[in-house]
Amino acid sequence: MTQPSGSQGNEGIVVVGNGMAGSRFVTEMRERDPRVPLTVFGAEPQQPYNRVLLSNVLAGAARPDQIGLVDPAWYAAHDVDARLGVEVTRIDRRARLVYSGDGGVTPYGTLVIATGSTAFVPPIPGTGDGLPAGALVFRTLDDCRRILEAAGTTGRAVVVGGGLLGIEAARGLAGRGLAVTVVHLAGHLMERQLDPGAGRVLARTLARLGVHTRLEAQVSALRTEPVPQGDDVGGARTPSQGQAARSGADGGPGARVTGVELATGEFLPGDLVILACGVRPDVALAREAGLAVDRGIVVDEMLRSVTDPSVRAIGECSQYGGTVYGLVAPAWEQAAVLADLLAGTDEAARFTGARQITRLKAASVELAAMGETQHGDEDPEVEVVQFADPARGTYKKVVIKDDRLIGAILLGETGTAGMLTQLYDRAAPLPSDRLSLLFPGVNGAAVSDSPVRMPDAATVCHCNNVSKGQIRACWEQGARTAEEVAARTRASTGCGSCRDAVEGIVCWLDEQEAAPAG
Amino acid sequence: MAVSEHLRADGPAGAPATADTPTHCPYCALQCGMTVGGGPVRVAPREDVPANRGGLCQKGWTAAELLTVPDRLTTPLMRAHLGAPLEPCGWDEALDRIAAEIGRLQARHGRDVIGVFGGGGLTNEKAYQLGKFARIALRTSQIDYNGRFCMSSAAAALNRAFGLDRGLPGPITDVARADAVMLVGGNVAETMPPFMRHVTEMRERGGALIVVDPRRTATARQADLHLQTTPGTDLALANGMLYLAVEEGLLDETFIAERTGGFEAVRRSVNTYWPDRVERITGVPVPQLREAVRLLGRGVRSLILTARGAEQHARGTDTVTAFINLALALGLPGREGGGYGCLTGQGNGQGGREHGQKADQLPGYRRIDDPAARAHVAAVWGVDPQIIPGPGRSAYELLDALGTDDGPRALLLFGSNPVVSAPRADRIEERLNALDLLVVSDFVLSETARRADVVLPTMQWAEESGTLTNLEGRVLRRRRAVPAPAGVRSDLEILAALAGRLGAPGTWSTEPAEVFDELRAASAGGPADYSGITYQRIEKEGGVFWPCPAEDHPGTPRPFLDRFHTPDGRARFIPVEHGRGAAEGIDEDYPVYLTTGRVLAHYQSGAQTRRIGPLVEASPEPFAEMHPDLADRLGVTDGMDVRVTSRRGTVVVRARLVESIRHDTVFIPFHWAGEGRANLLTNPALDPTSRMPEFKVCAVRVEPHEPNGADQ
């Protein structure tokens, strides 16, 4: 098991995939080792961008040119051979070569596969050899551009899939003025992250924002119509390669979508249909190269393929400990671990799994979810603390076991998300006051100091360490104004913030004196 | 002990009566105006100094007591041989011994065998003369100072972004007129209380105070918005705020286009700092991040100020850069009343970093490796530029090298107490003990002086004159108000006497005014140009802002209004990354963050304030502040002694339970020696640019302390 972790021979490192994981690895690697030959292939022609922010682009909160990750000049300046818009077509592990779509053959010492995922297109009639015009997946910046283009010409959209991405797309389109319906197979939205109660509150919130939800609804077909000759069918495209899409009876390129048919026979019209039915790890290359692939490329804690230690895999195409990590935080952690191992900056670096926290990026819908959120009160070992105010769109729940957070939902108001994510990330013991987990500011809130109720020992002026008792003594010796007290005790002569308190005490003492004894 | 009895017998019985002299407080960089006089000597605040406008904190009010501390040194002390006790001796005997040892060591090991360590509390004149002494009397490259432990990260970041390191971008009165002030890692309500008067005035005018601090400090309690960050995550916070500034449309595109360069790379770099990622790193809720950006971005005059909490990190320079990037993106700098600034800590923290006691620097903030700078300064000094050595080691590296094979074997130390103030202090103590010769100039027997071979009794604030440059960049006069006790000499006298014995070239005046005139000439044409500043002008004008290149030049209160001091006049955006955060993260063995800082009643290593009765009464001992929940899990109750252990050492302090601190963090103030010496724990991981140690975060374990050793 003691495989050398540095790159083999003189061929250096070749990275396949320039998305969130691949581009991160390249920059992390260069930071640690300025010399090792580094080549990166990216199937998409543009500079790498932050996929997490695509929903913001869709919603209009960011422009496509504002989500770039790596400066175009960076590659040349850092001696990285970037092959953008070039797909890798084959890996020859015996010869340690990668073949690319431009006819090139590139040798490697270490191969890093970071091909990510592709959108899953359900095998239903209408998805054919390619999607009809107006039916789109939401995965890449290109997809995003096409959706925006289509959104500009229609008033009605259907989103198939009520998971994270589907809801973000739906919310973005609703914000652009479209009437949007989300069709979802399960009994509540985001069922993998939310319990039914939270799903219901989320649906209610979305409805207020113009997004309607159809639950337990199965799409049986996309309904299409032929595109008249000469019309621009620019919206149509083949979903990314390596796809499970099958040809249907009709539809496909050359046709245009008009809506979706449900298994109940009902028809939901829409000139824009977004298929947000999840993603599948893009493992075709790895599988063809004979690497062990389950759902993703199976790797060990050094991110090595269990089949071939000179091949590493990170991000959504890899699988560690039975889990495919579909979020960016673990992908970046893997990138850093791998860079440490390959550069030799930390030989002990290991990826041993990560905790996943889901955040919805949708305007006016604050949502954070993590861990096991489905628990009710059935398990005596598990403590559930929750609060719901559906009318205001608020739903909060924390699930606790052994004084550790094992799951949480914050919907509508996420003021404690920073605290919860850190407690969850670190599996740290929880604050004794459970309320502070749900509501910000209740823990240790400032108590306003009433000068009247203070004990004599209480410090009024911290800058000069003057107690209420000293001010009282000073008053008893004849000082009748705050200025006189300041002159004798120095109270309020530092930062000045206790001036009101000093005046309050003097005033109160004056009043006590004036009041009739009794 | 024999020494202190002797000192008490010979010490001053009480300073004589004098007229009131206008001068400034001996402590922090605010340099509050005060008068000193009367018999017995008293201080009173001055109304005519903008920094304090009639206010003083308890340290200032009790400053006169420093003049009569019972253990004042009034005679040199020396050890007859290694291991012998410190015994009183004559000045000639002490100085002859020092000169002879220097000669012997340099003849055998070369010039760099002598190290010099200065301080940010020294006047400009003393700091200047100390640098000159090292370079042309000792001809050693091995000089640095404790300012490295103070604001060096902000200095490095300012130089690289604006081309000039002047702490505040304008007069302190701009604070009161600001629309918003964001204070990052500064607890001014305790460390420089009169500063809060300006903040309070701002808030009364409708401005907002934003405080970034892991603790809900006295300052944070007065804030409109408190961002309670995880220690070591300020950089991510700043990048996340810049991300939000883009999203919220708060960029000042015109300013960015006309006055800056490099924005695109920074904009791209902050694309990885989207709000919920930053929330997860920092623990600060997204709505608070957003509110903070809006408060800063919507104001016309907003200030972002950093202090040690943001700067004392192994990524301190990058952290400050992240806040400068934010300020630039919002268009704050280069505008009257707004911008980025650093709240310098030590009394002459600003001036002390400009005139040559820094390892890589010559007077006027010139670089020691710049041939033109060397030629200019050599001409003022009357020497061949060739004899000026090159850059030396930075403060921690210098202290860490003491007594090692290629490090200095002798150290001359002025105005610092590194046994208490340096990180990983027991290592530094060990290095000091390994020296052939340690010479300390101080007015009391500090913890470091106790380890010296020769101790030279020097004058203190109200006994000497000179200039200090406060946090605004305003050059002020420190004036002699009382005579020094018999037997005490000024640092200028000490340096002149040693220079004479060493046969040094050049002139060695003991008159501060003459040394200042030489400093003016040496700084002329440099970034920190003092050539137009005179004692008379300072007195007449209430201080002069540098740069001031001519006597008819008004000085420069706001140096960036027209252009930045970079070659093309534009401020530079520089992309910076959070990376993995703090050099030492928490783990199973060391599960709690430690952060260190100051309390109101004490100053720096406490060598001065721990000798003042009322201050000791206000704050008698070190403590570990922790949340009751953390304490509960550890079996600790309020007031119990706890052992706090890091990878470098252990301290024992009393627990103080407060709800104002994060659950994962303990705070220990660093003013004390002995078993509560916080710097036994701190991490000397250094910033790659500023060489600042990571004082502000390391990982520790906290346990109840059982003095009988039952827990060992």
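Predicted model: local features only at pLDDT ≥ 70, side-chain atom pairs only at ≥ 80, totals over all residues.
Chain B contains 24 helices and 30 strands. Its radius of gyration is 24 Å, close to the 27 Å given by the globule rule for 712 residues, so chain B is as compact as a globular protein of that length. Along the principal axes, the C-alpha atoms of chain B occupy a box of roughly 70 × 70 × 55 Å. Of the 712 residues in chain B, 65% are buried. Among contacts in chain B with a separation of 6 or more, 72% are between residues 24 or more positions apart.

Strand β17 of chain B spans residues 437–442. Six of its six residues are buried, so β17(B) is largely enclosed by the rest of the structure. In a regular strand, side chains alternate between the two faces of the sheet. In β17(B), Leu437(B), Val439(B) and Ser441(B) lie on one side, while Leu438(B), Val440(B) and Asp442(B) lie on the other.

Two pairings of β17(B) were examined, with β16(B) and with β18(B). Strand β16 of chain B, residues 410–414, pairs with β17(B) in the parallel sense over five bridges. In this pairing, Leu413(B) stands opposite Val440(B) of β17(B). Strand β18 of chain B, residues 454–457, also pairs with β17(B) in the parallel sense, over four bridges. Here Ser441(B) is opposite Leu456(B) in β18(B).

Notes
Residues numbered from 1 in each chain as written. Chains lettered and ligands numbered in written order. Rg over C-alpha atoms; globule rule 2.2 N^0.38 Å. Buried ≥ 20, exposed ≤ 12 C-beta atoms within 10 Å, placed from the backbone. Contact = placed C-beta atoms within 7 Å. Pairing = 2+ DSSP bridges.
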